[in-house]
Amino acid sequence: MKIFKTPSLLALVVLIVSSCSSEDNDAVNFANATPQVQCLNNNLVGPTAVYWDYANGRAAPFTSIPMVPNPQSTFNHPDVFTNIRFTVPQGYTATPLSIQNAAFGVDLRRSNNDIQNKVLWRYYPITSFSGTANIDQVRAFVINDFMANEYGFNGTPQVDCAPPTQETDFGGIKRFFSSRAIRFGNTRAIIWIALSPTPFGSSVAISISAGPIAEFDNLVMDVFFPISFELLLPDRDSLSDRDNDGTPDVFDPEPDNPNVS
């Protein structure tokens with residue numbers, strides 16, 4: 001049975017107001033966008049601002065379904081109950097995380113050995129933290145670990161957006177949500193953490209989208225949004241796949257050619 005129908009514990013929504021059309025150009029439509037969710041300066045504009053708002057639960061006003069323009073393959077998480085399945089772009093490598101009863105998720109990387117061009121998209125729907133660490137401590141650990149171990153950066157990043165922590169209660173189960181938009185070196189990253197205390201510690205969902213500042217808008221439109229949208233689908237398996245290549249027609253650049261997916 002598939003348990004996870006969305007890419008996070010956060011209610012992320014993509015607003016699709018019309019069907020796909022080659023004439024649509026959402027990157028142009030988003031060019032002058034500014035953040036709706038609190039930021040400290042004006043460094044987030046355009047598609048990056050739309051993606052930041054999306055990471056904080058705001059609808060992204062697409063006029064067509066965002067798709068990976070240069071698909072390479074399809075990633076399927078080995079733990080089938082996770083329902084983590086998405087299109088892998090050319091030049092990227094997807095690595096699953098699977099620790100029984102503790103954590104699962106995926107890392108998607110480009111140019112792993114070239115820090116100046118490296119891209120990381122990390123999505124861990126569930127990780128377990130022992131002890132009594134609060135969300136500020138967990139967020140700091142996640143960010144410092146990601147910067148040091150993925151980019152070799154041990155300094156203090158520039159913080160562009162740091163809205164207050166959100167707290168909700170679902171029938172007595174508390175959930176805390178925190179997000180950050182940061183810069184270090186030539187890298188930008190948008191991070192969110194959702195934490196729910198448990199009797200044995202905390203259950204934490206983690207999302208990190210990072211890449212070169214100069215191309216971050218393109219990464220948002222060609223990688224981060226398309227993959228996030230695929231994960232939002234309620235059930236990919238029910239979608240039409242005319243050529244039976246494993247990629248639904250809506251995400252298939254050639255839906256009648258089984259050799260292209």
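## Model and overall make-up

The model is predicted: local features need pLDDT of at least 70, side-chain atom pairs count only at pLDDT 80 or more, and totals for chains, interfaces and linings use all residues. Residues are numbered from 1 along each chain as its sequence is written, and side-chain values use heavy atoms, with hydrogens and water left out.

The protein chain has four helices and twelve strands. Of its 261 residues, 49% count as buried. Buried means under 20% relative accessible area, exposed means over 50%, and partly exposed lies in between (1.4 Å probe, protein chains only). Contact means heavy atoms within 4.5 Å. Among contacts between residues at least 6 apart in sequence, 55% join residues at least 24 apart.

## Helix H2 against helix H4

Two packed helices are described by the angle between their axes and the distance between the axes. The axes of H2 (residues 47-55) and H4 (residues 216-232) come within 9 Å and cross at roughly 30°. Axes are lines fitted to C-alpha atoms, for helices over the stretch in contact, and angles run from 0 to 180 degrees between N-to-C directions. H2 and H4 are therefore roughly parallel to each other. Angles under 35 degrees count as roughly parallel, over 145 as roughly antiparallel, 65 to 115 as roughly perpendicular and the rest as oblique. The crossing of H2 past H4 is left-handed: the near helix is turned anticlockwise from the far one by less than a right angle, whereas clockwise would be right-handed.

From H2, the contact uses Pro 47, Thr 48, Val 50, Tyr 51 and Tyr 54. On the H4 side are Phe 216, Asp 217, Val 220, Met 221, Phe 224, Phe 225, Ser 228, Phe 229 and Leu 232. The residues of this contact divide into eleven nonpolar, two polar and one charged. Here Ala, Val, Leu, Ile, Met, Phe, Trp, Tyr, Cys and Pro count as nonpolar, Asp, Glu, Lys and Arg as charged, and the others, Gly among them, as polar.

## Aromatic pairs

The whole structure holds 17 aromatic pairs. Rings of Phe, Tyr and Trp (its six-membered ring) pair if their centres lie within 6.5 Å; planes under 30 degrees apart are stacked, over 60 edge-to-face and the rest tilted. Tyr 54 and Phe 225 pair edge-to-face, at 5.0 Å centre to centre with 65° between the planes. Tyr 54 lies in H2 and Phe 225 in H4, so the pair ties together parts 171 residues apart in sequence. Tyr 54 is buried at 2% relative accessible area, and Phe 225 is buried at 0%.

Phe 81 and Phe 104 are also edge-to-face, at 5.4 Å and 80°. Phe 81 sits in the loop between strands E3 (71-76) and E4 (85-89), and Phe 104 in strand E6 (residues 103-110). Phe 81 is partly exposed at 35%, while Phe 104 is buried at 6%. Phe 30, Tyr 51, Tyr 54, Phe 62, Phe 216, Phe 224 and Phe 225 form one aromatic cluster.

Phe 184 belongs to strand E10 (residues 173-184). Its relative accessible area is 5%, so Phe 184 is buried. Beyond its neighbours within four places in sequence, Phe 184 contacts Phe 146, Met 147, Tyr 151, Phe 153 and Pro 157.

Ser 202 is in strand E12 (residues 201-212) and is buried at 8%. With neighbours within four places in sequence set aside, Ser 202 contacts Thr 127, Ser 128, Phe 129, Ala 133, Leu 195, Ser 196 and Pro 197.

Conventions: Helices (H or I, at least four residues) and strands (E, at least two) are DSSP runs, numbered from the N terminus.
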